[in-house]
Amino acid sequence: MLFALTLLLMALMVLMTLGFGMRAKERVEIQMAADAAAYSQAVSVARTFNAIAVMNRAQVAHMVAMAGTQAMISKSGQVYAAHQIACPGNVLEAAWFAADKAAAAQTRSLQGQAGSLYSASLTLYSKLLTEQLGDQKLAARIAREANAELQAPAEGAAKSLMEVNGDGPVPEESEVMQGQKTGTAPGGGCGAVSGAVCPAGGSTRPSLHATMGSLGWTWVHNRAGGSAGFGSGNAASSSAFRHYNSPAGMDPSRYGTVSGRNSWGHDHATVVVPTRCLTPPKPPVVPVTSAWVMSDERQTREDQHVYGTRTPPGQQPENAEEMGDRHTLGTCVVCPGIWPFSMGYNTTALGAGGGNQYGQPKLYSILFRDYASDSRRKHPDPWNLYFRFHFTEQSDTEFDNASPLGRIQPTGREEVPRNQVALAAGIAYYHRPRPASAGGGWREPPNFLNPFWRATLVSAEGADDDKPAESLSAAGFTDHAAALRQLDKAGYRGGSRRGGRY
């Protein structure tokens with residue numbers, strides 16, 4: 001009898017050791033899977049943000065090329081007019097009109113391609129929300145690869161989606177455009193309740209600044225003989241074209257006159273030396289008047305092209321083609337304006353400061369293993385038995401040894417012993433290092449104009465809006481959330497010096 005009891009005790013001790021070891025191994029496994037999911041989500045967000053930044057830069061390049069093309073149209077008008085005076089007929093009218101029309105078409109094409117880049121950015125961003133973060137789809141795929149038992153509840157995506165997209169729906173281009181037209185969400189604004197991303201840029205100013213800066217202030221506003229840019233549209237109603245006479249005139253307080261209202265090129269009154277005359281030009285140096293081209297959105301039809309005998313405002317047909325068809329641009333969404341939309345970083349969140357990580361999105365992943373699942377019931381561990389007692393022929397009484405009460409709660413997620421839960425956090429952050437010669441470190445704030453977004457794992461606590469217990473409760477793990485709150489109340493701080501402040 002004593003020998004039998006000794007064997008029973010030894011067997012119990014072995015089973016308990018196996019049980020503890022298995023739970024510890026499974027705990028490490030689920031936490032590693034959660035960490036991998038959180039990091040992968042952050043990487044996915046960082047890659048998307050970098051792609052958006054590159055496409056925003058490509059938009060800037062297209063608009064720079066657009067301004068340059070307008071400048072060439074303006075200058076070539078002056079040169080053509082000079083040749084018509086110095087050597088009439090040497091530059092064929094048909095050739096000039098064909099070149100002018102081709103340049104105008106290129107201007108429209110560049111604007112259209114810039115708009116297409118925005119559509120591509122929005123599509124890529126929507127896929128991030130729907131195919132990666134939404135319903136924790138990326139986390140679920142990673143969990144299944146780690147262990148088929150691990151699950152990622154769809155409700156666990158709430159924190160990540162709020163950090164990236166705010167409380168709005170997944171942006172569709174048609175809805176965003178409608179929001180811009182009416183000034184209402186979605187896409188009509190971007191503020192404190194929004195995520196890191198502004199689907200419609202929040203403003204054209206950052207891209208406009210980048211474009212004008214890429215052109216170079218001196219060339220844009222004070223290059224010898226002319227300028228080009230995106231202005232307030234004064235030429236549409238006046239023969240006098242607004243420009244700056246010196247770089248000093250281009251101070252920040254005057255920047256409001258440069259806008260996305262229209263695209264223009266302007267060449268001031270000067271002299272031209274004809275170079276394409278078949279015979280010596282007479283006179284060899286030809287004084288010419290100011291010339292310009294101004295392109296508005298298609299709805300306005302007040303486009304202008306002034307040179308030589310085409311006197312201001314230059315809206316008469318050119319080569320029998322209406323000016324509103326020849327030198328116009330695409331249809332505006334928010335009128336008047338010719339500037340394409342772009343994805344923007346939420347500067348309101350940026351202004352919130354370090355307490356909220358400057359708006360850089362922190363992403364949670366929540367995984368769980370159900371110890372009372374059907375698969376576990378069919379193949380239980382030897383020490384976690386499932387009993388069915390036959391007290392009567394009509395009914396059975398079940399006792400689940402995986403639950404402290406011997407039964408399963410309605411949703412199956414509340415009980416701590418039944419569900420093993422892991423929560424991890426990753427962050428997509430912006431870091432553009434400075435060279436050592438400049439002192440090292442970093443200074444540039446998060447933005448969508450340079451592709452320096454990265455990803456890393458971080459504590460699930462620490463920021464003002466980090467509430468892991470609330471995320472657990474929202475996913476159905478109320479007992480786990482209560483346990484976390486009790487730990488915090490008892491002074492446990494985890495990875496945060498300040499604690500979760502539950």
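These notebook entries record what I looked up in a predicted model of one protein.

**Ground rules.** I number residues from 1 along each chain as its sequence is written, and I leave hydrogens and water out, so that side-chain values use heavy atoms.

**Entry 1, the whole protein.** I counted 12 helices and 13 strands; helices (H or I, at least four residues) and strands (E, at least two) are DSSP runs, numbered from the N terminus. Of the 502 residues, 45% are buried, where buried means under 20% relative accessible area and exposed means over 50%, with a 1.4 Å probe and protein chains only. The accessible surface comes to about 24200 Å², and carbon and sulfur atoms hold 59% of that surface; the areas come from the Shrake-Rupley method with a 1.4 Å probe. I then turned to contacts, meaning heavy atoms within 4.5 Å. Among contacts with a separation of 6 or more, 74% join residues 24 or more positions apart.

Which residues of α5 are buried? In this helix, residues 173-182, I found V176, M177 and G179 buried. They lie on the same side of α5 because they cover an arc of only 160 degrees around the axis, the arc being that of the directions from the helix axis to the C-beta atoms. An α-helix has 3.6 residues a turn, so residues three or four places apart point the same way. The buried residues of α5 pack against α2 (93-133). On the other side of α5, I noted S174 and K181 as exposed. Just after the helix, G183 takes a positive phi of about 75 degrees.

I located V272 in strand β4, residues 270-272. V272 has a relative accessible area of 6% and therefore counts as buried. Which residues does V272 contact, leaving aside its neighbours within four places in sequence? I listed Q78, V79, A82, P284, V285, V286 and V288. I also checked V272 against A86: the two are 186 residues apart in sequence, and their C-alpha atoms are 10.0 Å apart in space.

Where is N346 found? I placed N346 in the loop between β8 (344-345) and α9 (347-351). N346 counts as buried because its relative accessibility is 0%. A polar atom of the N346 side chain lies 3.0 Å from the backbone nitrogen of T348.

How values were computed. Predicted model: local features only at pLDDT ≥ 70, side-chain atom pairs only at ≥ 80, totals over all residues. Polar contact = N/O pair within 3.5 Å; in protein donor to acceptor, adjacent residues only side chain to side chain.
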